[in-house]
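User: Could you take me through this model? I would like to go topic by topic.

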Amino acid sequence: TAEIACGDSSLETRGAATLNIMWGWSLLISPALAGAVVQPIQQYPSYWKEHSNSTTYQFFESTPYFLANLISALLCLVSIALVNAFVQEPLPSVRFRDTK
């Protein structure tokens with residue numbers, strides 16, 4: 001956060017606080033989200049009772065943790081895209097590097 005703030009101590013404080021809040025929320029939300037989507041056949045039997053012959057049922061039966069991993073991977077990709085789109089590189093030598 002210090003490189004992005006460029007020496008402005010109020011921005012450094014705000015950035016550190018934001019980072020700590022994001023870590024706290026992720027520690028609360030991630031386990032709850034993973035618990036809601038892991039082992040979907042056992043957690044939501046009324047839905048899967050009607051779809052027991054489908055390939056999706058067979059897939060989730062053989063890989064019960066796939067949804068939790070997929071959601072984690074998608075959230076990582078979204079965060080990478082957002083950082084690349086909205087956070088500037090603080091080092092001038094890297095910021096203006098030719099990307100040929």
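**Notes on the model**

Analyst: Q39 lies in the loop between α2 and α3 (40–43), where helices (H or I, at least four residues) and strands (E, at least two) are DSSP runs numbered from the N terminus. This is a predicted model, in which local features need pLDDT of at least 70, side-chain atom pairs count only at pLDDT 80 or more, and totals for chains, interfaces and linings use all residues. Residues are numbered from 1 along each chain as its sequence is written, and side-chain values use heavy atoms, with hydrogens and water left out.

User: What is the phi of Q39?

Analyst: Q39 has a positive phi of about 50°, although it is not a glycine. Most residues other than glycine have a negative phi.

User: And how does Q39 count in terms of accessibility?

Analyst: Q39 counts as partly exposed, at 28% relative accessibility. Buried means under 20% relative accessible area, exposed means over 50%, and partly exposed is in between (1.4 Å probe, protein chains only).

User: What about P40, buried or exposed?

Analyst: P40 has its place in helix α3 and counts as buried at 4% relative accessibility. The C-alpha atoms of P40 and F60 are separated by 7.1 Å, with the two residues 20 apart along the chain.

User: Stepping back, how many helices and strands are in the chain?

Analyst: The chain has seven helices and zero strands. Buried residues make up 10% of its 100 residues.

User: Now the aromatics. How many aromatic pairs does the structure hold?

Analyst: The structure holds five aromatic pairs. In the pair of W48 and Y57, the ring centres are 6.1 Å apart and the planes are at 50°, so the pair is tilted. Rings of Phe, Tyr and Trp (its six-membered ring) pair if their centres lie within 6.5 Å; planes under 30 degrees apart count as stacked, over 60 as edge-to-face and the rest as tilted. Both W48 and Y57 are buried.

User: Which residues do the ring pairs link into a cluster?

Analyst: The cluster linked by ring pairs consists of Y47, W48, Y57, F59, F60 and F66.

User: On to the surface: which residues form the nonpolar patch?

Analyst: The nonpolar patch is formed by I21, W25, L28, I29, L33 and L75, with about 620 Å² of accessible area together. Patches are made of residues with over 30% relative accessible area and no salt bridge, with like charges joined within 9 Å and nonpolar side chains (Val, Leu, Ile, Met, Phe, Trp, Tyr) within 5 Å. A salt bridge is a side-chain nitrogen of Lys or Arg within 4 Å of a carboxyl oxygen of Asp or Glu. Accessible areas come from the Shrake-Rupley method with a 1.4 Å probe, and for residues only the protein chains shown count as cover.

User: Where does the largest share of the patch come from?

Analyst: Helix α2 (residues 9–37) gives the largest share, five residues. I21 lies in this helix.

User: Last topic, I71. Which helix is it in?

Analyst: I71 is found in helix α6. I71 is partly exposed, with a relative accessible area of 25%. Its C-alpha atom and that of A34 are separated by 8.3 Å, with the residues 37 apart along the chain.
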